[in-house]
Amino acid sequence: MKLPVIKHLTNFIEENDQDYVLETIETLEALTEVPSLKDEELDVIGELISNMYGAIEVDKMVKDGAPRKEALNTFMKRVLGSIDK
């Protein structure tokens, strides 16, 4: 996951609507079923999907009252903590 991408997507969600990101995730997930995709292409799609889900999580924390910077830091700590285990 890339923090700058998650920040950008979080801004997009605030300016537009979370539904755009959710629909994009659905589209990308459908694309993963294309049999001719190479592993590298699937990796890129997976990275995009995970960043979008991350932005949705951060947006939820902000809507629940957390300051944006704190929400981003909390999310990334949670991600890094799950990677370490």
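Entry 1: helices H1 and H3.
I noted the angle at about 60° and the axes at 8 Å apart, for H1 at residues 3–15 and H3 at residues 39–63. Axes here are lines fitted to C-alpha atoms, for helices over the stretch in contact, and angles run from 0 to 180 degrees between N-to-C directions. The crossing of H1 and H3 is right-handed. A crossing is right-handed if the near helix is turned clockwise from the far one by less than a right angle, and left-handed if anticlockwise.

I then listed the residues that make the contact. H1 supplies Val 5, Ile 6, Leu 9, Thr 10, Ile 13 and Glu 14. H3 supplies Asn 51, Met 52, Gly 54, Ala 55, Ile 56, Val 58, Asp 59 and Val 62. Contact means heavy atoms within 4.5 Å. By class I found nine nonpolar, three polar and two charged residues in the contact of H1 with H3. Ala, Val, Leu, Ile, Met, Phe, Trp, Tyr, Cys and Pro count as nonpolar, Asp, Glu, Lys and Arg as charged, and the others, Gly among them, as polar.

Entry 2: ground rules.
This is a predicted model, in which local features need pLDDT of at least 70, side-chain atom pairs count only at pLDDT 80 or more, and totals for chains, interfaces and linings use all residues. Residues are numbered from 1 along each chain as its sequence is written, and side-chain values use heavy atoms, with hydrogens and water left out.

Entry 3: the whole chain.
I counted four helices and zero strands. The pattern along the sequence reads α-α-α-α. Helices (H or I, at least four residues) and strands (E, at least two) are DSSP runs, numbered from the N terminus. The C-alpha trace spans about 45 × 35 × 15 Å along its principal axes. Of the 85 residues, 28% count as buried. Buried means under 20% relative accessible area, exposed over 50%, partly exposed in between (1.4 Å probe, protein chains only). Among contacts with a separation of 6 or more, 66% join residues 24 or more positions apart.

Entry 4: helices H2 and H3.
H2 covers residues 18–31. Its axis and that of H3 come within 10 Å and cross at roughly 155°. H2 and H3 are therefore roughly antiparallel to each other. I noted this crossing as left-handed. On the H2 side I listed Gln 18, Val 21, Leu 22, Thr 24, Ile 25, Leu 28, Glu 29 and Leu 31. They meet Ile 45, Leu 48, Ile 49, Met 52, Tyr 53, Ile 56 and Asp 59 in H3. The contact of H2 with H3 divides into eleven nonpolar, two polar and two charged residues.

Entry 5: two buried residues.
Ile 6 lies in helix H1. I found Ile 6 buried, at a relative accessible area of 0%. Beyond four places in sequence, Ile 6 touches Met 1, Asn 51, Gly 54, Ala 55, Val 58, Leu 72, Phe 75 and Met 76. Ile 6 and Met 52 are 46 residues apart in sequence and 6.9 Å apart, C-alpha to C-alpha.

Asp 59 lies in helix H3. Asp 59 counts as buried at 2% relative accessibility. Leaving aside neighbours within four places, Asp 59 is in contact with Thr 10, Ile 13, Glu 14 and Gln 18.

Entry 6: the loop between H2 and H3.
I placed Thr 32 and Leu 37 in this loop. Thr 32 is partly exposed at 33%. Leu 37 is partly exposed at 24%. Beyond four places in sequence, Thr 32 touches Leu 37, Leu 42 and Ile 45. The C-alpha atoms of Thr 32 and Asp 43, eleven residues apart along the chain, are separated by 9.7 Å.

Entry 7: aromatic rings.
I found one aromatic pair. Rings of Phe, Tyr and Trp (its six-membered ring) pair if their centres lie within 6.5 Å; planes under 30 degrees apart count as stacked, over 60 as edge-to-face and the rest as tilted. Phe 12 and Tyr 20 are edge-to-face, at 6.1 Å centre to centre and 70° between the planes. Phe 12 is partly exposed at 33%, and Tyr 20 is partly exposed at 47%.

How values were computed. Parallel < 35°, antiparallel > 145°, perpendicular 65-115°, else oblique.
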